[in-house]
Amino acid sequence: RSMGKPDDCYELQAFRNLRDSYLIKTPEGRSLVDEYYELAPGIVMLINMRQDAGEIYEKIYNEHLKPCLEFIEEGNNEACRRRYESMTRGLKEKYLYA
């Protein structure tokens, strides 16, 4: 939403496809998906409370999600998973455990 894109935009469809066709097929990937659903609402809530939320989301997109999308487009799902996992750890430390 913060990027002004609809719920069925290309990017979200690509990430959902990665989740459904790649991540949930392994125990490690399934764990990452479960962690996302556990942590993301709290992280989003804390970011949304900040005056610079738009800038934070733009930075997350440019530094993490855009490269992940490029990995998906290249067929390098594992690189996307690693990038996403690193992003999740960083956001968890920065916003939930700060």
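# Helix packing and the nonpolar core

Helices α3 and α4 are roughly antiparallel to each other, because their angle is over 145 degrees. The structure is a predicted model, in which local features need pLDDT of at least 70 and side-chain atom pairs count only at pLDDT 80 or more, while totals for chains, interfaces and linings use all residues. Residues are numbered from 1 along each chain as its sequence is written, and side-chain values use heavy atoms, with hydrogens and water left out.

**α3 and α4**

Helix α3 covers residues 53–74 and helix α4 covers residues 77–96. Helices here are DSSP runs (H or I, at least four residues), numbered from the N terminus. The two pack at an angle of about 160 degrees, and their axes are 7 Å apart. An axis is a line fitted to C-alpha atoms over the stretch in contact, and angles between N-to-C directions run from 0 to 180 degrees.

On the α3 side, the contact (heavy atoms within 4.5 Å) is made by Ile56, Ile60, Glu63, His64, Leu65, Pro67, Cys68, Phe71 and Ile72. On the α4 side, the residues are Asn77, Ala79, Cys80, Arg83, Tyr84, Met87, Leu91 and Tyr95. By class, the residues of this contact divide into 13 nonpolar, 2 polar and 2 charged. Nonpolar covers Ala, Val, Leu, Ile, Met, Phe, Trp, Tyr, Cys and Pro; charged covers Asp, Glu, Lys and Arg; the others are polar.

From α2, the residues Val44, Ile47 and Asn48 take part, and they meet Ala53, Ile56, Tyr57 and Ile60 in α3. The contact of α2 with α3 holds 6 nonpolar residues, 1 polar and no charged.

The axes of α1 and α3 cross at roughly 65 degrees and come within 10 Å. Tyr10, Glu11, Ala14, Phe15 and Leu18 are the α1 residues that meet α3. Their partners in α3 are Tyr61, Leu65, Cys68, Leu69, Ile72 and Glu73. Of the residues in the contact of α1 with α3, 9 are nonpolar, none are polar and 2 are charged.

**The nonpolar core**

The largest nonpolar core has 20 residues. The elements that give two or more residues to it are α1 (10–21), α2 (27–48), α3 and α4. The largest share, 7 residues, comes from α3.

**Individual residues**

Buried means under 20% relative accessible area, exposed means over 50%, and partly exposed lies in between (1.4 Å probe, protein chains only). Not counting residues up to four places away in sequence, Ile47 touches Ala53, Ile56, Tyr57, Ile60 and Tyr95.

Val44 is also placed in helix α2. With 36% relative accessibility, Val44 counts as partly exposed.

Two further residues belong to α4. Arg81 is found in helix α4 and counts as buried, at 18% relative accessibility. Leaving aside neighbours within four places in sequence, Arg81 is in contact with Leu23 and Leu32. Glu85 is likewise found in helix α4. Glu85 is partly exposed, with a relative accessible area of 26%.

| Residue pair | Distance along the chain | C-alpha separation |
|---|---|---|
| Ile47 and Tyr95 | 48 residues | 7.6 Å |
| Val44 and Tyr57 | 13 residues | 9.4 Å |
| Glu85 and Tyr22 | 63 residues | 14 Å |
| Arg81 and Tyr61 | 20 residues | 15 Å |

The pair Ile47 and Tyr95 is also in contact. Tyr95 belongs to the α4 side of the contact with α3.

Terms used
Angles under 35 degrees count as roughly parallel, over 145 as roughly antiparallel, 65 to 115 as roughly perpendicular and the rest as oblique. A nonpolar core is a set of buried Ala, Val, Leu, Ile, Met, Phe, Trp, Tyr and Cys residues joined through side-chain atoms within 4.5 Å.
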